[in-house]
Amino acid sequence: MSDPRPRTICCIVGARPNFVKIAPIMRALTDCDGLTPQLIHTGQHYDVAMNSIFFDELEIPRPDINLEVGSGSGTEQTARIMLGLEPILSTRPPDMAIVVGDVNSTLAAALVAAKLGIPLAHVEAGLRSGDRSMPEEVNRLVVDRLSDLLFTSEQSAIDNLISEGVSPRRIVFVGNVMIDTLRACSTRAAPVRSTLSGAGADPALSEQAAALGFAFVTLHRPSNVDDPERLESLLKALARIARKITLVFALHPRTRAMIESAGLDALLLTSSIIVTPPLSYLRAIGLMKEARFVITDSGGVQEETTALGIPCLTVRDSTERPVTVQQGTNILVGTSIEALASAVDDTLAGGGKRGQIPPMWDGKAAERIVAAIDAHLGGRHALLPA
Ligand code: UD1
């Protein structure tokens, strides 16, 4: 018999990529009879540009609670989120907590839920770069260890979890919620010209980018931007690439702060690089859709470019999303500047890597997640045939 009591599902988010992933889940939870969603924002990301504009564009309901933890070291952020969440989750424990992705907010929320005995679901479980110097990799390992339901987006994630000893009964292959959002928003993507003029770009350079083509750049991983020498060599490489194709570089706050403190601003001023502040979701996907190729170190952008069929050059030695390389448009160029330059030349000459859309990246991942949670908690879906 299904249990008719409404179940509260608490979604905990904190950083920009979390917002993109939670939007379709909140919608699917709201549409599911018998489940009541609650949204807690940790406040890890707090600027309008990194935060509230995503809630507006993606029509995510206002959070029920915002912990407003702000910036700090990874440990400080994690500790502050844990201290803020514990009294909230222990006073009114939800029937299940959902965390998404791999940011510090994901880790902190998973730890509190596990310690309070609240069933935990992790969306985007099982991804592994194999590189424990990435803060996100440590977060992924711990969160998966603590989760009761593990929702995966690609086959490698299932293989990783099984090899780590997770019971297959707890793993559900649902597809990719980031691609749910991309598909839902694609027709609303902002036109390139309006994004560039909105960012205050030089009109002649913007026209050149829109008319002749451009490459879109995002870089913010600590391994690329925290070391001033590494950052300088990357910026010099971008300046050389910009002699061949206009670059539109959306600067993450971490990257901007590092460029300023290392006194490297001039490297961005002297070449045909259009620098923008962090972009809203609709602006970012508008640029990605129209770019000739993308240079990035972001996890989500590797997936979005694969879904859009846009060539992607990833400036990292490893990826936790290997399906984007095996089946999609992604090339892992490594961290060598020469390798980046030569991948750009190949892409300009040959049009770039083509790929296909990975299995289950069909815009319905959130529906599958909510059906699985409902069934797990004994709701209506528990009565449906498997
Ligand atoms: C975090 C995630 C990373 C994700 C990225 C997306 C972790 C470990 N990392 O990295 O996985 O890809 O978000 O953006 O959680 N800042 C602002 N405004 C904001 C938010 C942050 O200026 O709204 C500043 C902070 O003060 C800090 C810097 O940006 O100086 C970095 O922020 P932080 O939350 O520490 O991590 P990210 O580098 O954004």
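This is a tour of a predicted model, one selection at a time.

Before starting, note that residues are numbered from 1 along each chain as its sequence is written. Because the model is predicted, local features need pLDDT of at least 70 and side-chain atom pairs count only at pLDDT 80 or more, while totals for chains, interfaces and linings use all residues; side-chain values use heavy atoms, with hydrogens and water left out.

**Whole chain**

Select the protein chain and color by secondary structure. There are 18 helices and 13 strands; helices (H or I, at least four residues) and strands (E, at least two) are DSSP runs, numbered from the N terminus. The C-alpha atoms occupy a box of roughly 65 × 40 × 40 Å along the principal axes. For 386 residues, a compact globule would have a radius of gyration near 21 Å, and the chain agrees with its 21 Å. That radius is taken over C-alpha atoms, and the globule rule is 2.2 Å times the number of residues to the power 0.38.

Switch to a surface. Its accessible area is about 15,800 Å², with 53% belonging to carbon and sulfur atoms; areas come from the Shrake-Rupley method with a 1.4 Å probe, and for residues only the protein chains shown count as cover.

**The ligand**

In the side chain of Arg254, an N or O atom is 2.7 Å from a ligand oxygen. At Asn104, a polar backbone atom is 2.8 Å from an oxygen of the ligand. A polar side-chain atom of Arg221 is 3.2 Å from a ligand oxygen. Taken alone, the ligand exposes 750 Å², and the protein buries 85% of that.

**Arg221**

Stay on Arg221, in the loop between strand S8 (214-218) and helix H10 (222-225). Is Arg221 buried or exposed? Its relative accessibility is 9%, so Arg221 counts as buried. Leaving out residues up to four places away in sequence, Arg221 touches Met134, Glu136, Asp297, Ser298, Gly299 and Arg316; contact means heavy atoms within 4.5 Å. The C-alpha atoms of Arg221 and Ser298 are separated by 7.3 Å, although the two are 77 residues apart along the chain.

**Helix H15**

From Ser298, move on to H15 (residues 299-308). Nine of its ten residues are buried, so H15 is largely enclosed by the rest of the structure. At its start, a side-chain oxygen of Ser298 reaches to within 3.2 Å of the backbone nitrogen of Gly300. Past the helix comes Gly309, with a positive phi near 75°.

**His252**

Finally, select His252, in the loop between strand S9 (246-250) and H12. With a relative accessible area of 12%, His252 is buried. Not counting residues up to four places away in sequence, His252 touches Arg16, Met50, Leu219 and His220.

Technical notes: A polar contact is a pair of N or O atoms within 3.5 Å; within protein, one must be able to donate a hydrogen and the other to accept it, and residues adjacent in sequence count only if both atoms are side-chain atoms. Buried means under 20% relative accessible area, exposed over 50%, partly exposed in between (1.4 Å probe, protein chains only).
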